[in-house]
Structure formats: structure tokens, C-alpha cells
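Dear colleague,

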Amino acid sequence: MKEINKDVRSSIRGIIDKRLKAMEAGEADNKDLLGISLESNFKEIEQHGNKKFGMTIEEVIEECKLFYFAGAETTSVLLVWTLMLLSKYQDWQARAREEVLQVFESRKPDFDGLNRLKVDDLVRIIMTVSPRNIIYPAANKDIVLGDLSIPADVQISLPVLLLHRDKEIWGEDARMFNPERFKEGISSATKGQVTYLPFSWGPRICIGQNFAMLEAKMALSMILQSFSFQLSPSYTHAPQSIITLQPQFGCPLIFHKL
């Protein structure tokens, strides 16, 4: 673990050093997350005339790690499970493609069109698989939840995957692939209970959830426009939890150009 952490930090540090040199030479294009962070950092230090007001390089490295592992990796896992399930349920793949082509035809998907897509329901039902399997909040003071007394600093495990499969919450078809359960919204599907929380909930809810959903819908729409796909005969269904829920042996798919 220490060796992996050292490699990750070294890799990110190399990217940052290269970007800093480009910025000093006036050659950097600061439109990505790292560039925006470094530029903002420089402005804050310059404004206060003191490096204590800016982030250290170590803090920038930690920010990069957070956005990659908590952002890009989770969204990519979501898309993998999405493609796997749509490969298995070809009727839903066809319905999703029909809607995408109706809205965009061969045009590149745009923000307004993505907001009109009902394919959102597909993504939501797949989120019940939830790339993030367990959430670990901690009580910062003594609290009482129903009949439970929870002391301060106790860590609580919330098994998202079990919540999203509970028949008492979702009904007898809880384990079925049924995107239509969300056709009248999340509140209706959950009977007003806070039981659908792939992005966590409350003040700790994921700050990137809207971007992640938009990103997933954009990628899925572009794939559906150009390809049909099916599971490879070599696919073995073996989900495993390594912070996120991942296919242990990968997800080989066969794509066909439309």
C-alpha cells in the first residue's frame, strides 16, 4: 500500500511540476481542473502576499487524488455496469437508443437535450447497483436515532447495496432490472423515504453528483448513437468491492458499428 501511494503521489507530482513550468513560461492552457486549481492558488497567494493563504503542493496532490478516485473512477465504474446491464437487457438498450436518436439524431448531445432524456431513469436504476457500496459516516457528537444511541466518534456503516435491494422498501421486484420504477421520480419510487442514496445524503451529499449524472448520460448517449453492444461469451459476473463495486474479471463487450 505504501509503495502504491508513493507511486501515485510521484506520478501526480510530476504532472504538477510540468504544469508549473509551463505556467511560468506562459505556455499553459489552464482550462482543466489542475490548471484552474493552480491558477486560483497563485492568485490567492498574490492577493495576500503570503504563501500561508494558498494550498501547498501536498494539498494540491491530495485534491488531484480526491477528484480522480472519487470522481473519474466512480463514473467509469457506473458506465461499465450500465453497458453490462444494457447488454443483458437488449430491449432496454433498443428503447434507450430510440430515444437518444429521436432527440439528437446524429448530432453531438448537448446540455438541453440531455435534460429531456428519459434515459435518466436507466442511469438511476443502474445507480441502485451503486459504484460506492458502503458509506462510512461518523458521529461528531452523541446522538439518538430512533431507538439507537450513538456515541461521538463512532463510525457507522451504511450498506447502500443492501438498501437498494430491500423488498420492504422497493417491493417484490426489488432485484429486477426495472427502470420504469423511477418514471414518476425518486420520491415516488422510494415512497418518500431517504433510501436511495448512491451519492450519500444530507450535508455530506456528493458535490459532484449532478456533473457525474450529466457525464454518464453524455457518454451513454454517444455510445448508443454509434454502436449496439452485447456481452462477450468470456464475461464472468463477479462483482467485488474495492471501495467502489467493480467487475472482478473486467467486462468484455462486443461492439457493432451502426
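The axes of H4 and H10 approach within 9 Å and cross at roughly 95°; axes are lines fitted to C-alpha atoms, for helices over the stretch in contact, with angles from 0 to 180 degrees between N-to-C directions. H4 is therefore roughly perpendicular to H10, a term for angles of 65 to 115 degrees. Helices here are DSSP runs (H or I, at least four residues), numbered from the N terminus.

This is a predicted model, in which local features need pLDDT of at least 70 and side-chain atom pairs count only at pLDDT 80 or more, while totals for chains, interfaces and linings use all residues. Residues are numbered from 1 along each chain as its sequence is written, and side-chain values use heavy atoms, with hydrogens and water left out.

In the contact (heavy atoms within 4.5 Å), Gln93, Ala96, Arg97, Val100, Leu101 and Phe104 of H4 meet Ser221, Leu224 and Gln225 of H10. These residues comprise five nonpolar, three polar and one charged; Ala, Val, Leu, Ile, Met, Phe, Trp, Tyr, Cys and Pro count as nonpolar, Asp, Glu, Lys and Arg as charged, and the others, Gly among them, as polar.

Ser221, Leu224 and Gln225 are also among the buried residues of H10, buried being under 20% relative accessible area (1.4 Å probe, protein chains only).

H4 (residues 90–104) also meets H3 (residues 57–88), their axes coming within 5 Å and crossing at roughly 110°. H3 and H4 are therefore roughly perpendicular to each other. Here Leu86, Ser87 and Lys88 of H3 meet Gln90, Trp92 and Gln93 of H4.

Yours sincerely

Conventions:
Buried < 20%, exposed > 50% of the residue type's maximum accessible area, 1.4 Å probe, protein only. Helix = DSSP H or I, 4+ residues; strand = E, 2+ residues; numbered from the N terminus. Parallel < 35°, antiparallel > 145°, perpendicular 65-115°, else oblique.
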